[in-house]
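Subject: Structure for your review

Dear colleague,

Please find below the structure I am handing over to you. My notes on helix packing, nonpolar cores and selected residues follow it.

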Amino acid sequence: MPDSICMKTASIATAAILLTLLTQIGGLILLAAIWARRLLGWPRRFVVTLSLFAVLYGVTSMVTTVVAPVFGRVPLPCFAGHQDRLVIRSAMLCVMNRHYVVPELKEAALALATEIDRQFPGTMTLALDGNFPFIDGFPLLPHLSHADGRKLDIAFYYEDEQGRFRDGQTPSPIGYFAFEQPMPGATLPCAGRNDVLTTRWDLDFLQFMREGRRLEEHRTRAALQWLVDEGPRYEVDKVFVEPHIAERLDVSGPLIRFQGCRAARHDDHIHIQVAP
C-alpha cells in the first residue's frame with residue numbers, strides 16, 4: 001500500500017477516534033460522510049468532507065434527542081426557557097452531546113433550579129457535564145465517573161466584586177477550571193500530595209478567569225442545603241464538593257462527600273448523582 005494511502009487512512013482513523021471520544025457519535029458520522037462523498041462522486045476535498053460531516057452531525061444530533069430516551073437518557077435544556085430555570089452553561093457541551101442524564105436526575109436538577117429561583121427570584125441554575133446519550137460505561141473524559149447518565153455537574157453561582165449577582169455567568173466560559181481558593185485554616189485533604197496518575201490539576205495558568213468574579217455564597221449554600229435536605233426524595237445519594245467549600249458555606253450531611261485526591265477538583269462546581 002503506498003505511503004500516501006497509509007497516511008490518509010491513519011489520519012482518518014485518528015480523527016474518527018478523537019471524535020468518538022469527544023462526542024460519542026462523531027467518529028461514525030465522519031466515516032459516513034466520507035462514504036457519502038465517495039458514493040456521490042464529489043471531489044476529495046477537505047471542505048467537502050467537512051461540510052458533509054457538519055450536515056450529517058447536525059441531523060444526527062437532533063435525531064439523538066428523540067432516540068436517546070429509548071435507551072434511558074434524556075437531554076437537559078440547551079436554551080433558557082420561560083419556565084424552566086435550568087440550562088446548560090455552554091452550547092458547546094450540547095454540540096458535543098454531553099448534556100444527557102437519566103430521567104430521575106433531570107427531575108432532581110429541575111427541582112433544584114426551581115427551588116433556587118423560588119428563594120432568589122430570577123436565578124438561572126447552570127448545568128455542566130452530564131453524560132453521552134448512549135451506552136453505560138462509555139467514558140466522558142476527563143471525568144472518572146460520568147459514564148452511566150446518573151451524574152451531573154452544577155455550576156456554582158457567582159457575583160462581581162461589588163456583590164452584584166451575575167445570572168447565567170461563570171468565570172470560565174464552560175463553567176470549569178476557575179477554582180475557588182481555600183480560606184486560611186481550611187481542610188485540605190490533598191495538601192502535600194504529588195500523585196502522578198491524577199486528574200486533580202490546579203491549572204494555575206487559567207486562574208486569571210476568576211478576576212472580577214467571586215462565589216455568591218447565599219445561592220450556592222442554598223443549593224447544597226437543598227440537596228442535603230430534599231435530594232434523597234429525588235434519589236440523589238451523593239454530592240461531591242471540596243471540603244473547604246462545604247466548610248465555608250457551613251453545609252454538612254451524609255450526602256456531602258469528598259471525591260478523592262485523584263479526581264478533578266470540585267471547588268468550581270457541585271457534582272450530584274442519583275442512586276442506580
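A crossing is called right-handed if the near helix is turned clockwise from the far one by less than a right angle, and left-handed if anticlockwise. In this predicted model, H2 passes H3 in a right-handed crossing.

Helix packing

Two packed helices are described by the angle between their axes and the distance between the axes. For helix H2 (residues 26-40) and helix H3 (residues 46-67), the axes come within 9 Å and cross at roughly 130°. H2 is therefore oblique to H3. On the H2 side, Gly26, Ile29, Leu30, Ala32, Ala33, Ile34, Ala36 and Arg37 make the contact, and H3 brings Val48, Thr49, Leu52, Phe53, Leu56, Tyr57 and Thr60 to it. Sorted by class, this contact of H2 with H3 holds 11 nonpolar, three polar and one charged residues.

A further helix pair is formed by H5 and H6, whose axes come within 10 Å and cross at roughly 135°. This angle makes H5 oblique to H6, and their crossing is right-handed. The residues in contact are Ala108, Ala111, Leu112, Glu115, Ile116 and Gln119 from H5, together with Arg219, Ala222, Ala223, Trp226 and Leu227 from H6. Eight nonpolar, one polar and two charged residues make up the contact of H5 with H6.

Nonpolar cores

The largest nonpolar core comprises 41 residues, and those with the most contacts inside it are Leu152, Ile154, Leu224, Val239, Ile270 and Ile272. At least two residues of this core come from each of strand E2 (86-88), helix H4 (91-95), helix H5 (103-119), strand E5 (151-155), helix H6 (217-230), strand E8 (236-240), helix H7 (243-249) and strand E10 (269-274). The element that gives the most to this core is H5, with seven residues.

Which residues does leucine 224 contact, leaving aside its neighbours within four places in sequence? They are Val239, Val241, Leu249, Val251, Ile256 and Ile270. A second, separate core has 13 residues, among them Ile25, Ile34, Ala36 and Ala68. Of these, Ile34 and Ala36 also belong to the H2 side of the contact with H3.

Selected loop residues

Histidine 99 lies in the loop between H4 and strand E3 (100-101). Its relative accessibility is 4%, so histidine 99 counts as buried. Apart from neighbours within four places in sequence, histidine 99 is in contact with Val74, Pro75, Leu76, Cys78, Ile88, Leu93, Cys94 and Asn131.

Alanine 263 sits in the loop between strand E9 (256-257) and E10. Is alanine 263 buried or exposed? With a relative accessible area of 12%, alanine 263 is buried. Neighbours within four places in sequence aside, alanine 263 is in contact with Leu144, Thr199 and Arg200.

Aspartate 202 is located in the loop between strand E6 (158-159) and strand E7 (214-215). The relative accessible area of aspartate 202 is 41%, so this residue is partly exposed. Leaving aside neighbours within four places in sequence, aspartate 202 is in contact with Phe179, Gln207 and Arg265.

Yours sincerely

Notes. Residues numbered from 1 in each chain as written. Predicted model: local features only at pLDDT ≥ 70, side-chain atom pairs only at ≥ 80, totals over all residues. Heavy atoms only, no water. Axes fitted to C-alpha atoms, helices over the stretch in contact; angles between N-to-C directions. Helix = DSSP H or I, 4+ residues; strand = E, 2+ residues; numbered from the N terminus. Parallel < 35°, antiparallel > 145°, perpendicular 65-115°, else oblique. Contact = heavy atoms within 4.5 Å. Nonpolar A, V, L, I, M, F, W, Y, C, P; charged D, E, K, R; others polar. Core = buried A, V, L, I, M, F, W, Y, C linked by side-chain atoms within 4.5 Å. Buried < 20%, exposed > 50% of the residue type's maximum accessible area, 1.4 Å probe, protein only.
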